[in-house]
Amino acid sequence: MSATQHIAVLGAGPAGAAVAIGLIRLGYRVSVLSEMHRFEAIEGSSMRVLDGLRHAGLVQAAATAMEPTPRLVEWNGVRRTPNAEHLLDRRRFDLALLSDLTAAGVEVCQARVQSVRKVDAQYDIQVESSDGVSNVRCDFLVEARGRLAPQDGRRERGPETLSLLHQWRGQGGPVGSAVESLPDGWAWMARLPDGRCYWQWTLDVGSTTLPPRAELDRFCDARRTRGLTAEFFGADAGLPATVFARNSTAILSAESGSDRWLRVGDAAMAVDPLSGNGIFQSLSSALQAPAVIHTLLSDPEHAELALRFHRDRIAHLFQRFARIGRDFYAMEERWAELPFWAIRRQWPQQAADSEVVERAVVRKAAVLAGDRIREAEVVVTPEHPMGIWHLDGIEVAPLVRSLQQDPKAPVLDQVPPSHRPMVQAWLAQQGF
C-alpha cells in the first residue's frame with residue numbers, strides 16, 4: 001500500500017529531513033519542498049545531536065560538524081567550561097541535508113510554498129521556484145517549516161522573546177563558542193578560523209525598548225564591546241555587523257496533526273534553545289513521526305491512538321525543555337528581580353511539575369512498536385512520565401505488577417541471565 005502513497009514534507013531542516021528519510025525507509029514516495037535559509041549562521045551542537053543525525057540517515061549533515069571545542073560559560077558571575085560544543089556552518093549543514101535526502105531517494109524541490117489546500121482526500125500545494133509556479137499533489141502532508149509555519153488555532157506561548165543575530169568577519173582566530181548572561185538577557189557567540197563571527201543576543205520583548213531600525217546597529221555594537229563578548233572577540237568585537245531579528249518565543253501548537261497531516265520540529269513545538277540545543281529539540285519531535293504516519297496510512301483503526309501518541313509526546317517534550325530552561329535561568333541570581341529573569345524563572349509554573357507520579361505506576365499507553373504505534377502496558381515513573389515499555393526487549397510492566405502484589409516475588413527468574421543485572425538495577429531504582 002505504501003508504494004502508492006505520496007507524502008509531501010514542507011521544510012528541509014533537520015526535522016523535515018529526518019521524517020522524509022524515515023518514510024522512504026518504510027517504502028513511501030516522499031517529496032521535500034523547501035527554500036534555503038536567507039542568511040548564514042553558526043550553530044552549536046553536541047555529540048548526542050550528531051549521533052541522532054546519523055541514526056536518522058543524515059550522515060553527510062553530521063559530517064559538517066567541526067571538531068569539538070570547549071564552550072566558555074559565564075553565568076551568575078561564575079566562569080567555567082562545563083562541556084564541549086561542535087560548531088556547524090548552517091549553510092553547509094543545510095546543503096548537506098539536501099544531499100542526504102537525494103542520496104536516500106527523496107524527491108527534493110527547492111521552492112517557496114505559496115499555498116496549501118485540501119482537495120478531496122489529497123493536498124494541492126502551489127510552489128514557486130526558479131522554473132516558475134507549479135503544483136504538487138500528495139496524499140499526506142508533513143508540516144516542518146519551523147516557527148514560520150502557518151498555525152491553526154490557539155497556541156500555548158512562553159514569555160515573548162526576541163533574538164538579534166549578528167554576523168561579521170574579523171581577522172580570524174581559534175574556533176570557539178561562549179555564553180554570557182546579561183542584565184537584560186543572554187548572549188551566545190562563536191568564532192570560526194576564517195574570521196567569521198557570530199553573536200546572538202536574546203531579549204525580553206515586553207521589557208526591552210529597542211531604538212529605531214536606523215540606530216539598531218549602533219545600539220547593538222555598544223553591547224558587543226563589553227564583558228565576555230569583548231574579551232572573546234578581542235579587536236574584532238567592535239567591527240560592523242549585519243543584524244537579523246528572530247522570534248525566539250516558546251510555542252506549542254494547539255493542533256499537532258490529523259489523519260492526513262502532521263506537524264514536526266519547530267512547527268509543532270519550539271522552546272528557547274539556550275545554547276546548542278535547537279537541533280536536538282527539533283529532532284526529538286520528529287524521529288518517531290514516520291511510525292505515526294505509517295500507522296495513520298496503513299492502520300486507520302489505530303489512527304486515534306497514533307495521533308494521541310504524537311500529541312502527548314510533543315506536549316511532554318515542550319514541558320520538559322521549558323522546565324530545563326526555567327531551571328537554567330534560575331541559576332542566574334544576580335538579576336533575579338529584573339524583568340527578563342523574573343519572568344523566565346517562573347515559567348512554566350512549578351505546578352506543572354506536580355503531575356509527575358511519585359512512584360512506579362502501571363498504565364496502558366501508546367508505544368512505538370517497530371514501525372507502528374500500538375497500545376501496551378508501560379511503567380510510569382518520576383523520571384519517565386511517558387512510561388517505559390521495555391528494557392532492551394524485557395517488558396517491565398509484568399515485573400512491576402508482580403512485585404506490587406508480592407514484594408518477594410522471584411521476578412528475575414523470568415528474565416534471561418544476561419539481562420538480570422540491568423533489570424535488577426532498574427527495579428532497585430524504583431524502590432523494589
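Me: Which helix gives the most to the lining of the largest cavity?

Reply: Helix H9, residues 303-330, gives the most to that lining, with 4 residues. Please note that the model is predicted.

Me: What makes this space a cavity, and how many does the whole structure hold?

Reply: A cavity is a set of points where a 1.4 Å probe fits but cannot get out. The search of the whole structure finds 1 cavity of 30 Å³ or more. About 120 Å³ of space lies in the largest cavity. Among the 13 residues that line the largest cavity, the closest to its centre are Pro-159, Asp-272, Tyr-329, Arg-344 and Trp-347.

Me: Which classes of residue make up the lining of the largest cavity?

Reply: The lining has 6 nonpolar, 4 polar and 3 charged residues.

Me: Why is Cys-138 called buried?

Reply: Buried means under 20% relative accessible area. Cys-138 has a relative accessible area of 0%, and is therefore buried.

Me: How do you know that Cys-138 is in no disulfide?

Reply: A disulfide requires a pair of cysteine sulfur atoms within 2.5 Å. For Cys-138 the nearest cysteine sulfur, that of Cys-109, is 13 Å away, so Cys-138 is in no disulfide. For Cys-220 the nearest cysteine sulfur belongs to Cys-197 and is 15 Å away, so Cys-220 is in no disulfide either. By this rule the count comes to 0 disulfides. Cys-220 is also buried, with a relative accessible area of 0%.

Me: What makes strands E8 and E9 a pair?

Reply: Two strands pair if there are at least two bridges between them. Strand E8, residues 122-129, and E9 have 7 bridges, so they pair, and the sense is antiparallel. One of the bridge partners in E9 is Asn-135, which faces Gln-126 as its partner.

Me: Why are E7 and E9 called edge strands?

Reply: The open sheet has 3 strands in the order E7-E8-E9, with antiparallel pairing. Strand E7 (112-119) and strand E9 (132-138) each pair on one side only, and are the edge strands. Neighbouring strands of this sheet are turned by 20° against each other on average, direction ignored.

Definitions and conventions. Residues are numbered from 1 along each chain as its sequence is written. This is a predicted model: local features need pLDDT of at least 70, side-chain atom pairs count only at pLDDT 80 or more; totals for chains, interfaces and linings use all residues. Side-chain values use heavy atoms; hydrogens and water are left out. Helices (H or I, at least four residues) and strands (E, at least two) are DSSP runs, numbered from the N terminus. Axes are lines fitted to C-alpha atoms, for helices over the stretch in contact, and angles run from 0 to 180 degrees between N-to-C directions. On a 1 Å grid over the protein atoms alone, a cavity is a set of points where a 1.4 Å probe fits but cannot get out, and a pocket is an open set with protein on both sides within 12 Å along at least five of seven lines; lining residues have an atom within 4 Å of a point. Grid points are joined across faces, edges and corners, and a volume is the space filled by probe spheres set on the points. Ala, Val, Leu, Ile, Met, Phe, Trp, Tyr, Cys and Pro count as nonpolar, Asp, Glu, Lys and Arg as charged, and the others, Gly among them, as polar. Buried means under 20% relative accessible area, exposed over 50%, partly exposed in between (1.4 Å probe, protein chains only).
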